[in-house]
Amino acid sequence: MRTHLSVRPTVMRAALALVALTAFALAGGSACDPCGEIEGAAAAEVGTADSAGAFAPIEDGQSLPYVRGIQGGTHVEGSVRIDNLFFPEDAFLSEAELPLVTFTLHDSAAVQVGGFQDEPQPFSPTAGRQQGERLGVEVRFFADGSEFVGDTLRLFVEVKDTCGQRASDERTIVIAEGA
């Protein structure tokens with residue numbers, strides 16, 4: 001007497017495909033190509049957050065106060081708005097797909113006096129799936145920010161997505177006394 005189950009090959013293949021797709025989804029993958037969904041030229045806009053916590057573009061020559069953190073370091077609050085760059089909607093499930101952000105501060109001699117390069121950053125979707133914002137980014141000074149009060153610095157941002165697209169923007173800012 002035979003005790004094994006007879007399963008049709010078609011049913012077995014379908015079951016294996018379902019298991020494979022489930023494992024792929026649980027691993028944070030996506031069955032679609034997100035890079036193929038992006039249309040239009042990539043763009044970035046440097047800004048800061050206003051008092052209500054919304055994105056506020058920075059104009060050239062605008063004053064931006066330095067902030068002293070609880071550990072004594074100093075920074076300016078940067079923000080960036082992007083268009084037509086890929087970012088995952090769920091940063092926790094797709095950390096490897098986060099865009100790499102560079103935010104730097106440069107003095108009049110083009111010497112970098114603060115910032116960071118190529119750090120993965122989560123973005124929040126805004127007006128449609130192809131636009132996002134990253135608010136309240138601490139762009140830290142290498143020295144005490146009070147040393148730069150009254151100085152004009154260049155605030156530069158670049159965002160690179162996992163699809164190979166990149167966009168950048170920059171503004172000159174005048175460092176104001178911290179609050």
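Of the 179 residues of the protein, 32% count as buried, where buried means under 20% relative accessible area, exposed means over 50% and partly exposed covers what lies in between, with a 1.4 Å probe and protein chains only. The model is a predicted one, in which local features need pLDDT of at least 70 and side-chain atom pairs count only at pLDDT 80 or more, while totals for chains, interfaces and linings use all residues. Residues are numbered from 1 along each chain as its sequence is written, and side-chain values use heavy atoms, with hydrogens and water left out.

The secondary structure consists of 1 helix and 11 strands, taken as DSSP runs numbered from the N terminus (helices are H or I with at least four residues, strands are E with at least two). Read from the N terminus, the order is α-β-β-β-β-β-β-β-β-β-β-β. Among the contacts with a separation of 6 or more, 64% are between residues 24 or more positions apart, a contact being heavy atoms within 4.5 Å. The accessible surface amounts to about 10600 Å², and carbon and sulfur atoms hold 54% of this area, as computed by the Shrake-Rupley method with a 1.4 Å probe, where for residues only the protein chains shown count as cover.

The aromatic side chains come next. There are 3 aromatic pairs, counted for rings of Phe, Tyr and Trp (its six-membered ring) whose centres lie within 6.5 Å, with planes under 30 degrees apart called stacked, over 60 edge-to-face and the rest tilted. One of them is the edge-to-face pair of F103 and F116, at 6.3 Å centre to centre and with 65° between the planes. Because F103 belongs to strand β6 (residues 100–106) and F116 to strand β7 (residues 112–120), this pair ties together parts that are 13 residues apart in sequence. F103 is buried at a relative accessible area of 0%, and F116 is buried as well, at 10%. The rings of F141 and F148 are stacked, because their centres are 5.2 Å apart and their planes meet at 15°; F141 is buried at 8%, and F148 also counts as buried, at 11%.

The whole structure holds 1 disulfide, defined as a pair of cysteine sulfur atoms within 2.5 Å. This disulfide joins C35 to C163, with 1.9 Å from S to S, and at -85° about the S-S bond the link is left-handed. The two cysteines lie in distant parts of the chain, 128 residues apart, with C35 in the loop between α1 (9–26) and β1 (43–49) and C163 in the loop between β10 (152–160) and β11 (166–176). C35 is partly exposed at 32% relative accessibility, and C163 is partly exposed at 24%.
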